[in-house]
Amino acid sequence: MLRVGNWRQAVLEMVQNKAPVWASLKLMNINKDPEIIYGAAYARQRRELFEGSGGAAETEARLLGVVNDAVANVPYYSDRYRRPIHSLAEFKETFGFIDRNIVMSNIDAFVSRRLDKHFYDEGTTGGTSGKPLRLVLPKKRYQKEWAFLHSVWRNVGFDFDVRGVLRNHRFTLRKDFLVNPISKEVIFDNFRVDGEYAKTVRDVIRGQGIRYLHAYPSAAYQLFGEWCRAGIEVPQLKAVLTSSETIFDYQRELIERELGIRVYAWYGHSEKLVFAGLCRYSNDYHVEPAYGFFELMDEDGNPVNRAGRIGEIVGTGFDNFGMPLIRYRTGDVAEYVSDSCQLCGRKVPVIRNITGRWTGERLFNADDSYVTTTALNLHDDLYSVINGIQYYQPRKGVLFVNIIKGCGYRAEHETRLKRHYQERLSGCTIEIKYVDRLIFQKNGKFLQVVNDLN
Ligand SMILES: [Zn+2]
């Protein structure tokens, strides 16, 4: 029998190349059991998550399992830590932190001597600049990832529903949409969201009864904005499922507050160490304890455990015995909220305001000091008169604020914007510029900050 990945791919290619759209749609609509689609690893993980088993003792056991295996079999760790450890306290006392640079300069030493290549393959971390980091990752990571996604999406009522997808697809042929009946996706071209196509997208969403849109926040914002501007009635969606980019207040303002559609986000990264999804009732993230061991650390390596304090997300994944990363500083930053959720009662770490590791999130003064974009949030009334905003820094100390004007934008708004930025970036020359479009990356991703600093 073919492995799961192979038959899925084979069916998909056959359907997308040969089958008419109606047949793909029909196949998609009879596809109801994700355990058949994603296989045994998915099913095991899903059951564990859906049954809510686990707890502090299990988290500790998993952590010790991966750490002691690394001490025994992975050169980087065997060289530094000679004996197995027996408790979480011992782990925290003994183990130092690593980061991307340390892994890059010792890449082979992080690979287990017992690596069975049959079960692993090589991947790289993305990143918008700099050299990608080479990683050895378990082949089954996708199955597990889907189980976690399906588990957190239950917070917005998702039950292996069809998703409209607006991410990084650009169609070469003049097609309106593609269907993936296996993963149940109706995929749209997000490089083409102009008035005419926006209406087509709406009609397909409506016609197929699609209730979830899986999109980059910037792409969703563009689409919803287009619908509003063109007077196209917005379809009844239950949620916009979103990751990979920071969600900005003006995007939430439009989609959640004006249109009443929940924007549901989650956090993950290509190293696969920490995973967190939003609470059902708020925009705080729950860190999933079955995925990896999570710590929030200040710059000196002390734990951050007081509400309102900011720290760096440090992770130890539970599944990658081939190339274990232990106490890995992700470069992502978050605000600590609590060790349990007051709203839904889950006893897991709660964090908010996660900011990405991309230097793109920082704006630099001439003297090299910087502020992050979170510190630059505007008042709601300013967001309501602009249709888009992006920062461009040709060099440190110079900032262009690119604005798409909305209805009601007047000269006084420009004065306020200028003052707003000057107060926060005192070592910067600020210029407000008006544009029709914002700049998107080649892969369709939107960055709030574009710069030529690297
Ligand atoms: Zn909660």
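Biologist: Why is cysteine 341 called buried?

Modeller: In this predicted model, cysteine 341 has a relative accessibility of 8%. Buried means under 20%, so cysteine 341 counts as buried.

Biologist: And cysteine 279, buried or exposed?

Modeller: Cysteine 279 comes out at 0% relative accessibility. That value is under the 20% limit, so cysteine 279 is buried.

Biologist: What makes Cys279 and Cys341 donors of the zinc ion?

Modeller: The zinc ion is coordinated through the SG atoms of Cys279, Cys341 and Cys344 and the NE2 atom of His286, at 2.2 to 2.3 Å. A donor has to lie within 2.8 Å of this metal, so these atoms qualify.

Biologist: How do you know that the site of the zinc ion is tetrahedral?

Modeller: The angles among its 4 donor atoms run from 102 to 119 degrees. Four donors count as tetrahedral if all angles lie between 85 and 135 degrees, so the site is given that name. For comparison, the ideal angle for four tetrahedral donors is 109.5 degrees.

Biologist: How are the donors spaced along the chain?

Modeller: Their spacing is C-x6-H-x54-C-x2-C. Cysteine 279 sits in the loop between β9 and β10 (285-287), and cysteine 341 in the loop between β13 and β14 (350-355), so the pair ties together parts 62 residues apart in sequence.

Biologist: What makes lysine 272 and glutamate 145 a salt bridge?

Modeller: Their side chains meet at 3.5 Å, N to O. The limit is 4 Å between a side-chain nitrogen of Lys or Arg and a carboxyl oxygen of Asp or Glu, so the pair passes. Lysine 272 is in the loop between β8 (262-267) and β9 (276-278) and glutamate 145 is in helix α8 (residues 141-153), so parts that are 127 residues apart in sequence are tied together.

Biologist: What makes arginine 329 and glutamate 312 a salt bridge?

Modeller: The N to O distance is 2.7 Å, within 4 Å, so the pair qualifies. The pair links strand β13 (residues 328-338), holding arginine 329, with strand β12 (residues 310-317), holding glutamate 312. Both residues are buried, because arginine 329 has 15% and glutamate 312 has 18% relative accessible area.

Biologist: How many salt bridges are found in the whole structure?

Modeller: The search finds 26. Glu35, Arg46 and Arg47 are linked in a network of them.

Biologist: Why does the largest nonpolar core lie between domain 1 and domain 2?

Modeller: This core has 129 residues, and Tyr77 and Phe224 touch the most other members. Domain 1 (56-145 + 267-357) and domain 2 (360-451) both give residues to the core, so it lies between them. The C-alpha centres of the two domains are 33 Å apart.

Key: Residues are numbered from 1 along each chain as its sequence is written. This is a predicted model: local features need pLDDT of at least 70, side-chain atom pairs count only at pLDDT 80 or more; totals for chains, interfaces and linings use all residues. Side-chain values use heavy atoms; hydrogens and water are left out. Helices (H or I, at least four residues) and strands (E, at least two) are DSSP runs, numbered from the N terminus. Buried means under 20% relative accessible area, exposed over 50%, partly exposed in between (1.4 Å probe, protein chains only). A nonpolar core is a set of buried Ala, Val, Leu, Ile, Met, Phe, Trp, Tyr and Cys residues joined through side-chain atoms within 4.5 Å. Domain bounds come from an automatic or database domain assignment. Donors are N, O and S atoms within 2.8 Å of the metal (3.2 Å for Na, K and Ca); water is not among the atoms, so sites may look incomplete. Four donors count as tetrahedral if all angles lie between 85 and 135 degrees; four count as square planar and six as octahedral if opposite donors are over 155 degrees apart and all others between 65 and 115; anything else is irregular.
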